[in-house]
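User: Hi! Could you walk me through how to read strands, burial, salt bridges and a ligand shell in a model like this one?

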Amino acid sequence: MAININSKLCDSRESRLGSITGFSGSLNDLKQDLSCGGGCVENKGRCFSQASSCPSNCALGQLSGINDAAIVHHGPSGCAATAIGISSNYDLLAGALGRDRSHFAYTCTDMKEADTVFGSIETLKEVILETYHRYHPKVIFIGASCVSGVIGEDLEGLLDDFKGEIDIPIAPVHCEGFKSQIWATGFDLAQHAILKYIVKPPQKKSNKVNIYGFTQGLSWNTRSDIKQMLGAIGLEATYLPASASVEELEHLSEAVATVTTCSTLGSYLGIGLEKAYGVPFVRSLPPHGIVGFEDYARQLAKIVGKEAEMEAYLQKERDFYLPKLEKVKEKLRGKRAVIAMGPGFGANYTRILQEFGIKIEHLLAWHLDKQYDDGKQPTALKYLTENSPNNFNYSVNDLQNYEFMNILNNVKPDVFVSRHPGSTVWAMKIGVPAYCVYDEYNSFGYRGTLRFAQTLLDIITNRSFAENLSKHVRLPYSKWWMEQKYDALYEGSEVKELVDVK
Ligand code: SF4
């Protein structure tokens, strides 16, 4: 379904894109199923599920990064618990960048049981007014919750009541948790609100590139690498949404192009800007590893007609970093890995580890997008299905730790590479060295790829911590469960579907 930035609602990924949270098979199975337009990839429902995450957490977490925005969360205070981590992280980021965050606020209507009967629109109005007068933000996002959604609170209906009193955009965000099992739907909801309520039509063209990401390249001083790469073709970055200002967001339509470090995260905004304002969305591989970085840099350079300048920059970097990388690759070659991440990063990091000569045994994606809003298959997944040197197990798992614990126990890889902090610790508990790719720029460009390869080698060769830890941990999983096999490729395996827990 094409994006309509004027629409009141942005539907879930399940209904827009046919995305799923359960699949068990191999990469080749997936390739075959995707070849019929994605319609053959059916969701495998679970009869048991551990806790996962909620789209409102994602949506409001993203929007909270905007320095002069306020969030009014219309729900029980428990839903707003997400604000705890958000405040400190983004305050630190703004501090590091020297940006003003004094107008940011995260407030909540604290809905109670009686509100589910009588409604609490009046309370919501009061909280919006109080937030506006106390913090003077440049935009107020009203975050919905399951409770406000179930009782049908009319968030759009109250906007007229503030005319003449509040002269900033007030943007309802329909992030009711029950709306989607895929937390990444929250990314789309946040970006829909930015597109609908903040971005203005272009007045002039700038030399800016919209970079939609998570952590803004502060670790490892990656910003200097990004600056150099863009500078080689006369461009500058606008980092968003974290630590962006409302004014910067208003001008996104004037940019040369939109790129993202993770297409699972940023595709909605990129495709939306392209459709509404003609800003090209770069559909390259993400800028990680050598293949990904070069594809990203070249496609960006092509948009501004500066391919020769970019090639000169890439050659200089290659000459410096690739000989060093080759030496590390020699030591990594033949190691075995299991990867668990969101679908974009998972396909992406699988490709990078394969560049290092590491054999992938199993890839777990937190969900699967068969396509994006332009009807195209995610680039990193497509590349993987067409170029992987070996077939491997592929499953879709929305952070169900019990499933990947079973897999790790069966596969016993040299390393587990994951991207969500609550997952790597479990691998360590059974003696598998693990690495959390928390920083999205971890393997950006040549320098980042070399650093990542060196870190992996350190982790694989220094295993004693994980091994010792495993001797002192009592797992909550039974021996029976840990020895179940459902892998499609393992010898003797009979079960191909997700297993019922008895
Ligand atoms: S919105 Fe719903 S799923 Fe999300 S935290 Fe609140 S009650 Fe839970």
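Analyst: Happy to; we will take the features one by one. This is a predicted model, in which local features need pLDDT of at least 70 and side-chain atom pairs count only at pLDDT 80 or more, while totals for chains, interfaces and linings use all residues. Residues are numbered from 1 along each chain as its sequence is written, and side-chain values use heavy atoms, with hydrogens and water left out.

User: Which order do the strands follow in the open sheet of six strands?

Analyst: First the terms: helices (H or I, at least four residues) and strands (E, at least two) are DSSP runs numbered from the N terminus, and two strands pair if DSSP finds at least two bridges between them. Here the order is β1-β11-β10-β9-β12-β13, and the pairing is mixed. At the edges are β1 (22–26) and β13 (434–436), each of which pairs on one side only. From one strand to the next, the twist averages 15°.

User: Are the residues of β1 buried or exposed?

Analyst: The labels come from relative accessible area: buried means under 20%, exposed over 50%, and partly exposed in between (1.4 Å probe, protein chains only). In β1, five of its five residues are buried. Gly22, Ser24 and Ser26 point one way, with Phe23 and Gly25 pointing the other way.

User: How many residues of strand β2 are buried?

Analyst: Five of the five residues of β2 (residues 69–73) are buried, so the strand is largely enclosed by the rest of the structure. Ala69, Ile71 and His73 face one way, and Ala70 and Val72 the other. Strand β2 has a parallel partner in β4 (residues 139–143), over five bridges, where Val72 stands opposite Ile142.

User: How many salt bridges does the structure hold?

Analyst: The general idea is that side chains of opposite charge can pair when their charged atoms come close. A salt bridge is counted when a side-chain nitrogen of Lys or Arg is within 4 Å of a carboxyl oxygen of Asp or Glu. By that rule, the structure holds 30.

User: Where do Asp398 and Arg46 lie in the chain?

Analyst: Asp398 is in the loop between β11 and α16 (401–411), and Arg46 is in the loop between α2 and α3 (55–64), 352 residues apart. The closest N and O atoms of this salt bridge are 3.6 Å apart. Asp398 counts as buried because its relative accessible area is 7%.

User: What about the pair Arg134 and Glu130, which helix holds them?

Analyst: Both belong to helix α6 (residues 121–135), four residues apart, about one turn of the helix. Arg134 is exposed because its relative accessible area is 54%, whereas Glu130, at 42%, is partly exposed. Elsewhere, salt bridges that share partners join Arg13, Arg16, Asp188, Asp369 and Asp373 into one network.

User: Last one: which residues surround the ligand?

Analyst: A residue is near a molecule or strand if one of its heavy atoms lies within 4 Å of it. Around the ligand are Cys54, Ser56, Cys79, Ser145, Cys146 and Gly177. For classes, Ala, Val, Leu, Ile, Met, Phe, Trp, Tyr, Cys and Pro count as nonpolar, Asp, Glu, Lys and Arg as charged, and the others, Gly among them, as polar. The shell then has three nonpolar, three polar and no charged residues.

Note on methods:
Axes are lines fitted to C-alpha atoms, for helices over the stretch in contact, and angles run from 0 to 180 degrees between N-to-C directions.
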